[in-house]
Amino acid sequence: MRQIIVYLRPSNSPLVFQDQFQIDNLTASFEIIRLWEQPTEQFLTSSGLFPFAVLANTTEASGTLQQVAQEIEKIEDITEQRNIAASTALLAGLKLDKEIVERTMRSNVMKESVIYQDIIQQGSKQEAIAFALRLLKRRLGTVNAELETQVQSLSVEKLEALGEALLDLNSETEIRTWLENCHS
């Protein structure tokens with residue numbers, strides 16, 4: 001098995017240079033790639049590598065992002081184009097200001113990406129969970145760990161339904177019954 005660790009951002013940590021890990025009788029060896037030491041050009045040869053170009057050894061990260069954006073525009077498959085754009089913007093944010101990334105990348109293409117949509121959906125779910133837990137705390141006073149875990153496992157749609165149901169549910173028993181019915 002070939003193990004590779006890829007470091008995205010420069011670091012002075014000695015771990016960035018460690019290529020072996022040992023504990024008791026187990027020794028693991030791995031290759032290390034420090035992106036900031038890699039030539040930018042090698043990340044411009046394939047669309048799957050475009051997102052890493054800005055993190056590579058470049059003296060002008062915003063210019064590299066501009067070059068990547070132009071290459072992304074040439075991708076014919078619109079789904080691939082959107083996903084590569086979203087990935088590029090996400091990783092570019094590790095090195096460049098948000099404004100530069102937004103100005104350079106076409107935000108409408110990124111927003112249509114399945115990766116971007118997944119990130120937004122995860123954020124929406126976290127907000128829905130937080131809201132449902134606040135409602136439960138208001139109704140019950142406290143929420144134990146078991147009840148919190150049940151709420152966290154609900155889909156966004158079921159979290160919305162729970163919010164509606166809490167208008168009619170009055171006791172912890174009724175709430176637990178409702179949640180059990182959701183999971184079955």
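Contact here means heavy atoms within 4.5 Å. This is a predicted model, in which local features need pLDDT of at least 70 and side-chain atom pairs count only at pLDDT 80 or more, while totals for chains, interfaces and linings use all residues. Residues are numbered from 1 along each chain as its sequence is written, and side-chain values use heavy atoms, with hydrogens and water left out.

Start by selecting Leu65. Beyond its neighbours within four places in sequence, Leu65 is in contact with Val54, Thr88, Ala92, Leu96, Ile100, Val101, Thr104 and Met105.

Now widen the selection to helix H1, residues 61-73 (helices are DSSP runs of H or I with at least four residues, strands are runs of E with at least two, and both are numbered from the N terminus). Which residues of H1 are buried? They are Ala61, Thr64, Leu65, Val68, Ala69 and Ile72, where buried means under 20% relative accessible area with a 1.4 Å probe, protein chains only. They sit on the same side of H1 because they cover an arc of only 145° around the axis, taken from the directions from the helix axis to the C-beta atoms. Show helix H2 (78-92) and helix H3 (98-104) too, as both are included in what covers these buried residues.

Next, colour the largest nonpolar core, which has 23 residues (a set of buried Ala, Val, Leu, Ile, Met, Phe, Trp, Tyr and Cys residues joined through side-chain atoms within 4.5 Å). Leu65, Ile72, Leu96, Val101 and Met105 have the most contacts inside it. Another core, of 18 residues, lies apart from it and includes Ile129, Ala132, Leu169 and Ile175.

Note on methods. The expected span of a helix is 1.5 Å times one less than its number of residues. Buried means under 20% relative accessible area, exposed over 50%, partly exposed in between (1.4 Å probe, protein chains only).
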